[in-house]
Amino acid sequence: MKTSLLAIAALGALAQPLLAQTALPPDADLRAAALEWFEPIPQTPQAPANNVLTPERVDLGAKLFFDPRMSLSGLFSCQTCHNVGLGGVDGLTTSIGHGWQQGPRNSPTMLNAIFNIAQFWDGRAPDLAEQAKGPVQAGVEMNNTPENLIGTLKSMPGYVDAFEAAFPDEATPVSFDNFARAIEAFEATLITPDSAFDRYLKGDDAAMTEQEKRGLASFMDTGCTACHSGVNVGGQDYYPFGVVERPGGSVLPEGDRGRFTVTQTASDDYVFRAAPLRNVVLTAPYFHSGAVWDLREAVQIMSSSQLGTELAETQVDEIVAFLGTLTGKQPQVVHPILPVRNMDTPLPQPMVQ
């Protein structure tokens with residue numbers, strides 16, 4: 001039975017001095033323990049609920065994902081903040097959007113986002129389709145409107161044909177909902193299977209080094225799995241940031257109250273969706289604030305703030321080594337050729353704040 005977060009925090013604090021002395025268990029036992037918490041990323045993409053992954057729909061989603069004309073200024077696309085070649089992030093503390101405004105939170109990776117319980121740090125979007133609608137309309141991001149977006153799409157015959165092919169049974173294929181569903185279909189293909197950890201879970205003892213296996217053991221024994229488990233090693237639920245001790249204001253800004261802003265429930269104050277740790281070595285800086293660039297530092301902050309433990313230096317190194325095994329095969333995406341605008345296509349607008 002999986003122990004509660006607070007109980008694991010207490011157990012981690014009590015057990016930590018003993019863990020450094022514990023011998024590494026045999027692979028069969030370590031793997032069995034790991035499979036209680038984790039599962040490998042599937043080799044092939046899986047369709048989201050109420051959507052299908054036809055080639056036509058995925059291809060359309062790729063075009064929309066890469067097309068900066070989906071923004072009012074014609075400068076920002078989904079790819080801008082979720083760069084497929086950079087682990088699905090932009091590598092900034094917080095993203096830059098319309099009018100060169102700085103957004104309030106670090107941009108989460110879109111790789112493997114299909115496996116998250118919900119989207120955004122506060123979980124305000126239940127799925128990838130709903131998430132796709134948010135940045136388009138956000139004044140600090142793409143600053144567009146559904147009406148202008150649809151006018152842009154309908155003005156280009158290449159997009160009209162693509163929507164008709166992707167949604168062949170619908171009377172009005174070009175719609176804001178279908179725009180989002182097409183992007184969702186593409187993003188569902190952005191998975192990273194075949195990591196060293198996945199191969200180990202499937203029975204390959206040689207896929208991980210002894211140091212990495214020790215890191216896996218420490219990751220489980222110290223209670224990291226209370227928040228970071230499942231196929232995405234996180235992203236599966238919401239937790240308070242600072243269970244034992246709140247980190248400093250640069251890591252946990254006072255003004256960002258997390259899920260509370262969505263639910264208006266007191267117990268959700270400073271609660272966030274657990275960060276998925278797949279490909280984490282590629283996605284610095286860390287946390288919703290983007291305040292930490294060093295993965296070792298991030299591990300130490302989480303240990304003290306969430307579990308109330310001070311890990312030995314060797315344990316930190318081992319856990320960081322384990323986290324390196326979560327880097328999977330990166331999606332190979334060819335930048336699509338985008339439909340050509342015509343004289344009816346709305347012009348890009350100046351970025352006046």
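# Exercises on a predicted model

**Exercise 1.** Find which residues of the largest nonpolar core touch the most other members.

*Solution.* Of the 39 residues in the largest nonpolar core, the ones touching the most other members are Phe-38, Phe-197, Leu-216, Phe-219, Phe-287, Phe-322 and Leu-323. A nonpolar core here is a set of buried Ala, Val, Leu, Ile, Met, Phe, Trp, Tyr and Cys residues joined through side-chain atoms within 4.5 Å. Buried means under 20% relative accessible area, exposed means over 50%, and partly exposed is in between (1.4 Å probe, protein chains only).

Next, look at who supplies this core: helix H2 (27-35), helix H9 (196-201), helix H10 (210-221), helix H12 (295-307) and helix H13 (313-324) each give at least two residues. Helices (H or I, at least four residues) and strands (E, at least two) are DSSP runs, numbered from the N terminus.

Then zoom in on Leu-216. Leaving aside neighbours within four places in sequence, Leu-216 is in contact with Leu-30, Ala-34, Phe-38, Phe-197, Tyr-200, Met-208 and Phe-322, where contact means heavy atoms within 4.5 Å.

Finally, there's a second, separate core of 33 residues, with Val-58, Ala-62, Leu-153 and Val-174 among them.

A word on ground rules: this is a predicted model, with local features needing pLDDT of at least 70 and side-chain atom pairs counting only at pLDDT 80 or more, while totals for chains, interfaces and linings use all residues. Residues are numbered from 1 along each chain as its sequence is written, and side-chain values use heavy atoms, with hydrogens and water left out.

**Exercise 2.** Work out how many aromatic pairs a search of the whole structure finds, and classify Phe-176 with Phe-179.

*Solution.* Start with the rule: rings of Phe, Tyr and Trp (its six-membered ring) pair if their centres lie within 6.5 Å; planes under 30 degrees apart count as stacked, over 60 as edge-to-face and the rest as tilted. The search of the whole structure turns up eleven pairs.

**Exercise 3.** Say which rings Arg-257 and Arg-259 lie over.

*Solution.* The test is that NZ of Lys or CZ of Arg is within 6 Å of the ring centre and within 35 degrees of the ring normal. Arg-257 lies over the face of Phe-260, 4.0 Å from the ring centre. The charged end of Arg-259 sits over the ring of Tyr-238, at 4.1 Å from its centre.

**Exercise 4.** Describe the largest cavity: its volume, the residues closest to its centre and the element with the largest share of its lining.

*Solution.* First the definition: on a 1 Å grid over the protein atoms alone, a cavity is a set of points where a 1.4 Å probe fits but cannot get out, and a pocket is an open set with protein on both sides within 12 Å along at least five of seven lines; lining residues have an atom within 4 Å of a point. Grid points are joined across faces, edges and corners, and a volume is the space filled by probe spheres set on the points.

The count is one cavity of 30 Å³ or more. The largest cavity has a volume of about 640 Å³. Of its 36 lining residues, His-228, Ala-275, Leu-277, Phe-287 and Met-302 are the closest to the centre. H12 has the largest share of the lining, with seven residues.
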